[in-house]
Amino acid sequence: MPDPTPSASSARPEAIRISDLHKSFGSLEVLKGVSLTARQGDVVAIIGGSGSGKSTMLRCINFLETPKSGEIVIGGETVEMRADGSPANRKQIERIRTRLAMVFQQFNLWTHRTLLENVIEVPVHVLKMPRDQAVARAHELLARVGLGDKADAFPAFLSGGQQQRAAIARALAVDPSVMLFDEPTSALDPELVGEVLTVIRDLAAEGRTMLLVTHEMKFAREVADHVVYLFEGRIEEQGPPAEVFGNPKSERLKQFLRSVA
Amino acid sequence: MTNVLELLGLAESAELLALSPPGWGGNLLRGLLNSLQIAFGAFGMGLIIGLFGAYGKLYGGPVLRDLLAIYTTVIRAVPELVLILILYYVGTDLINKAATAMGYDRVEISGIVAGIWVLGIVQGAYATEVLRGAIKAVPPGQIEAARAYGMPAFMTMRRVTIPAMMSFATPGLANLWLIATKDTALLAIVGFAELTLETRQAASSTRAYFTFFLAAGALYLLVTLFSGLIFGWIERWARRGQPSLKGGQP
């Protein structure tokens, strides 16, 4: 089996390693043994048809879904799992989750809080950062995603693109070691996709480690160091974007790329 | 003022309602105060029972869920008057039996405490359902986001679930509060000196039934109007961040 990591980066330390991950919903096996390694600074794009298990894989990494079996290592720390795959150490999971910031398809901002309150919520209450420090940082981050003037607005009064950018600011506020993007543009109107992709592109350029589940093939080709194609719960093909998109080997991947083109 | 009252033939009523004896107004107000104390206590106790009940029904194990289902079904099935009679007499009897069994003297149970307990248990059953519905109405993604960022369960409840459900729960809770204020009248049957019992005593002593029951009605109405103001304010606060439904445009 070829080394699943991008070869040029193998000197950098591992950020995430998943080994032989299995997950079932009832009798339906969604992940049938997935292994993946991302090193610090990697941008890994995960593509695949609907039901291929790509979102489930991402959600298993921070245990929003409980895997059935397998091993997950985050920044060198192995997540303690019971025999049935459930997390054995609640404190460890909570600690690890604060290092893995997730950006959701439906944004999932807290609607009863302003953008500023959304961004400082986790730093202040979970990470116990002094409030004024968190507020100053939140203003910086909101300005950075182009929402500097919306700090006191409530999410429901903003467009989907603005909400998703605010959600990215919330993710950055915990200074994550890995960012998990779960189809961040799938719920957006077409004309709003660009503004969110611009923000993600900037983050990739500054060397953030990210796992990105996406339907935006052009974008994946442009920003990813490594592309993983999932088919029915297995990694069907993976490699550098030029290879995966330019010279796909698997018949299924070829078909998939034709269907989304 | 006096002339106007005389003109309307209400001078006698005004005298009867005077705050100091021989007027009965003071008694009515004392009754109102007792009623409000019980309503407040029962509503608060109902909220606490309701929060535990709702969480238990949503996330508890099968045994807890069954027990809570029995609690809410039975309490909501039986007329409140009957429940008050049962809980009041059975409750005090049980406590006294327990007290004598443990070698203490029979205890006199204060009307206020008994009233709060009895109505609180009734309120708790309804509040369980109100809060369960409200928690279920919170978009699951918001709770998931809290988990994904490492919030422990209790902090998620305190910082995300409860504030987010408030806007869904407030109308139902406002109803419960108003029901609580009026259910206190049922405690008259066990001889507790709340507003309705005080009114009845005043009325039967003076034969001025109309005057006193009208006055009591006005007091209940005042409580309702004032509560409406408070709950309106709470609801506006709870709905902060949500577009007005009138505007139509989110």
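Helix H3 of chain B passes helix H6 of chain B in a right-handed crossing, a crossing being right-handed if the near helix is turned clockwise from the far one by less than a right angle, and left-handed if anticlockwise. The structure is a predicted model, in which local features need pLDDT of at least 70 and side-chain atom pairs count only at pLDDT 80 or more, whereas totals for chains, interfaces and linings use all residues. Residues are numbered from 1 along each chain as its sequence is written, and chains are lettered from A in the order in which they are written.

The axes of H3(B) (residues 25–59) and H6(B) (residues 111–137) come within 5 Å and cross at roughly 40°, the axes being lines fitted to C-alpha atoms over the stretch in contact, with angles from 0 to 180 degrees between N-to-C directions. Helices are DSSP runs (H or I, at least four residues) numbered from the N terminus.

Between the chains, 20 residues of chain B are in contact with 23 residues of chain A, contact requiring C-beta atoms, placed from the backbone, within 7 Å. On the side of chain B that touches chain A, helices H7 (140–148) and H8 (153–183) of chain B each supply at least two residues, and H7(B) gives the most, with 6 residues.

Within chain A, the domain assignment gives domain 1 (8–99 + 177–260) and domain 2 (110–175), and their C-alpha centres lie 25 Å apart.

Notes:
Two residues are in contact if their C-beta atoms, placed from the backbone, lie within 7 Å. Domain bounds come from an automatic or database domain assignment.
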